[in-house]
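Reader: Hey, I'd like to go through the aromatic rings in this protein. Could you walk me through them?

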Amino acid sequence: MEVANNHRERSISDNNMNRHLDSSGKYVRYTSDQVEALERVYAESPKPSSLRRQHLIRDCSILANIEPKQIKVWFQNRRCRDKQRIEASRLQSVNRKLSAMNKLLMEENDRLQKQVSQLVCENGYMKQQLTTTVVNDATCESLVTTPQHSLRDANSPAGLLSIAEETLTEFLSKATGTAVDWVQMPGMKPGPDSVGIFAISQRCSGVAARACGLVSFEPLKIAEILKDRPSWYRDCRSLEVFTMLPAGNGGTIELVYMQTYAPTTLAPARDFWTLRYTTSLDNGSFVVCERSLSGSGAGPNAASATQFVRAEMLSSGYLIRPCDGGGSIIHIVDHLNLEAWSVPDVLRPLYESSKVVAQKMTISALRYLRQLAQESNGELVHGLGSQPAVLRTFSQRLSRGFNDAVNEFGDDGWSTMNCDGAEDIIVAINSTKHLSNITSSLSFLGGVLCAKASMLLQNVPPAVLIQFLREHRSEWADFHVDAYSAATLKASTFSYPGVRPTRFTGSQIIMPLGHTIEHEEMLEVVRLEGHSLAQEDAFLSRDVHLLQICTGIDENAVGACSELIFAPINEMFPDDAPLVPSGFRVIPVDAKTGDGQDLVTSNHRTLDLTSSLEVGSSPENASGNSSPSSTARCILTIAFQFPFETNSQENVAGMACQYMRSVISSVQRVAMAISPSGIGPSLGSKLSPGSPEAVTLAQWISQSYTHHLGSELVTIDSLGSNDSVLKLIWDHQDAILCCSLKPQPVFMFANQAGLDMLETTLVALQEITLEKIFDESGRKALCSDFAKLMQQGFACLPSGICLSTMGRHVTYEQAVAWKVFAASENDNNNSLHCLAFSFVNWSFV
């Protein structure tokens, strides 16, 4: 109806455009010559100025009898007609999508109705057989077990064809039937603009995920793209087709060996030995289905397979149907048994989660198809004029290089070396490392060294952590290490550290190159600004450029891992630039099974950052018996690679260990700051006005002030409550701040005047150190009186200047510092809680 209305309105508009008022006030049709003249001008400028329209009437004699206002109206109507045409085209496209989506939803509804009927029948049968043990879902048995005759018949073409037909039947029953109990993927809602409809399995063997979607490619092209699994499945290390046999209906049978990466350093990688069957159905649909042939003993290259755990692929694949009006409807099923028994208990949720399989394989495949479709239609714009295929190649190389470093495969030339004092950090070396497209000028490289570690984090949102690391690189990275890595990949050695000292300006500029359709992955260039300290090179830039991908920063994505992977790159951004990636990967782990202690007791060296987090002294935290439902876990894997010359291996190894420890320490501080249960945000909430902790602290501040200085900080009525003490301190005209007793004291509380003076908030206050707010003279005064403060319990500092977080200068007449005791003023120094400061009569300069 809406399209019909648009057509009727467009007809009226076209009729109005072809007429104009003559001198007698009657409508007269434009002649074909007049329309042609106006169309030529419209092609040059759809919205000409008044002067341009006047020149048109003057220069074109056939338009001389038309009023300028009529010419203006013609251009308005012409623009309106173009907008209507664009809108009509958009509505037709949406209508096609909705029609196809409606078809998918109707099919899904039919499948669910069949599933309900089946469950009703099973329920009735179970009621009749109360005395017999019945398997909950008889259909799962056919999915769980790989047919025994497959091992026997896999050596003959007839046997392979029999297995292929059986695989096809099982796959179709999962894709469109009720062979698997599917439930909607959390957080994924279907719609005309969504990538597709996603579901995950429940109560069946292994882990399975399913997707349905619309793609504007023909079935054969989709099959070709999806069969090239390394191009879109980032965890796929290699895929080899060893045997190809013809089958009926123009189909083929292939024997495929696939190796996949392990996501962390804590578990071995997986490989698969499968049969892949490609065929077409009578209804014109195209099918690619696949499943494992046998157990761990089969497959090529048994020597290299020893580095892997043989996983099982149950009947999986792609059903591709041509869609009316062009494009295709695709059904994807991934059903795996990842042998979770072979990993530490804390990692088992990763290998038993259908949501993880959905994110890594099923959703990634459909997103990749949609990405290619939009690129082919010219709907995506990329930065620096780069071609989409080039950017995809860069992203794949970064991800692959990072996975190679994490997995440390021996057949790639990696070997573990000793690193003194780094029992918790794995250091590996690859002297035969082949950097992609490396030029002859870089032949002096002796190899690549990698330092890596995996650790368990609790109550740290992966997306928030990765986003912070991306946006605040100076908080954890060392510019000189980045400069060293960049320099070793250049032909000239003059820029090695120590030869040309460089100062980092502290500024990073992120330049976007491209992103996927739902922004779940971003490719960008990061420029770290630096300047030479040598006088002769004072005006030369020593900027470092990094190519970087950032994935998984959507906090609502269920089961998705978050990554920040980067590598130094030449500022000319060549397509064949060698890449040595480093970075971070954070994978959420369901807390329903496993124990963090398994990370420590496993055969792999790991770190547990949570063991040193100062979460607090509550009984729950002290005992470690927090409920799984309230404790979100994730596995953080860090890997940094360093190119080196042959004669500098030991020095680079020492530097790598030291740098890794620095990065881990920085990540620990970040984790504490962003963790809901860490001391950063929790203190901000606990010491907010009105909280019990803030009431108690206010009482301690007031009592300690009276004890040390002999006067009242605030005047309290005899009937005043503790709450009134907090209110009086909060509204006090002087800035009152409390800082912790640490080697580098940080502020933990401030009243309203204190927050105004520092121009900050209670939460951000946790990141401000005591020394940052004083100028040089203020720091000297504090240092000179600090011994007096600790001995007699208070000190009065002279007038001075301090700095707000916004860089503004603040003057004060006097600053009073005193020790705040817990409980009462009679406690000794062992119960010292914090230091308090009062800035009297402060004001901005």
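This is a predicted model: local features need pLDDT of at least 70, side-chain atom pairs count only at pLDDT 80 or more; totals for chains, interfaces and linings use all residues.

Reader: Okay, and is W232 buried or exposed?

Author: W232 is buried, at 5% relative accessibility.

Reader: Zooming out, how many aromatic pairs are there in the whole structure?

Author: A search of the whole structure turns up 20 aromatic pairs. Take Y42 and W74: their ring centres are 6.5 Å apart and their planes sit at 85°, so this pair is edge-to-face.

Reader: Where are Y42 and W74 in the chain?

Author: Y42 is in helix α2 (residues 32–44) and W74 is in helix α4 (residues 68–128). They are 32 residues apart, so the pair links distant parts of the chain.

Reader: And why does W74 count as buried?

Author: Because its relative accessibility is 2%, and buried means under 20%. Y42 is buried too, with a relative accessible area of 9%.

Reader: Back to W232 and Y233, what kind of pair are they?

Author: They're tilted, because their planes are at 35°, between the 30 degrees below which planes count as stacked and the 60 above which they count as edge-to-face. Their ring centres are 6.0 Å apart.

Reader: New topic: which rings are linked into a cluster?

Author: Ring pairs join W476, F566, F584, F640, F642 and Y659 into one.

Reader: What lies over the face of F566?

Author: That's R473, at 4.3 Å from the ring centre. Elsewhere, R237 lies over the face of F409, 4.0 Å from the ring centre.

Technical notes: Residues are numbered from 1 along each chain as its sequence is written. Side-chain values use heavy atoms; hydrogens and water are left out. Helices (H or I, at least four residues) and strands (E, at least two) are DSSP runs, numbered from the N terminus. Buried means under 20% relative accessible area, exposed over 50%, partly exposed in between (1.4 Å probe, protein chains only). A charge sits over a ring if NZ of Lys or CZ of Arg is within 6 Å of the ring centre and within 35 degrees of the ring normal.
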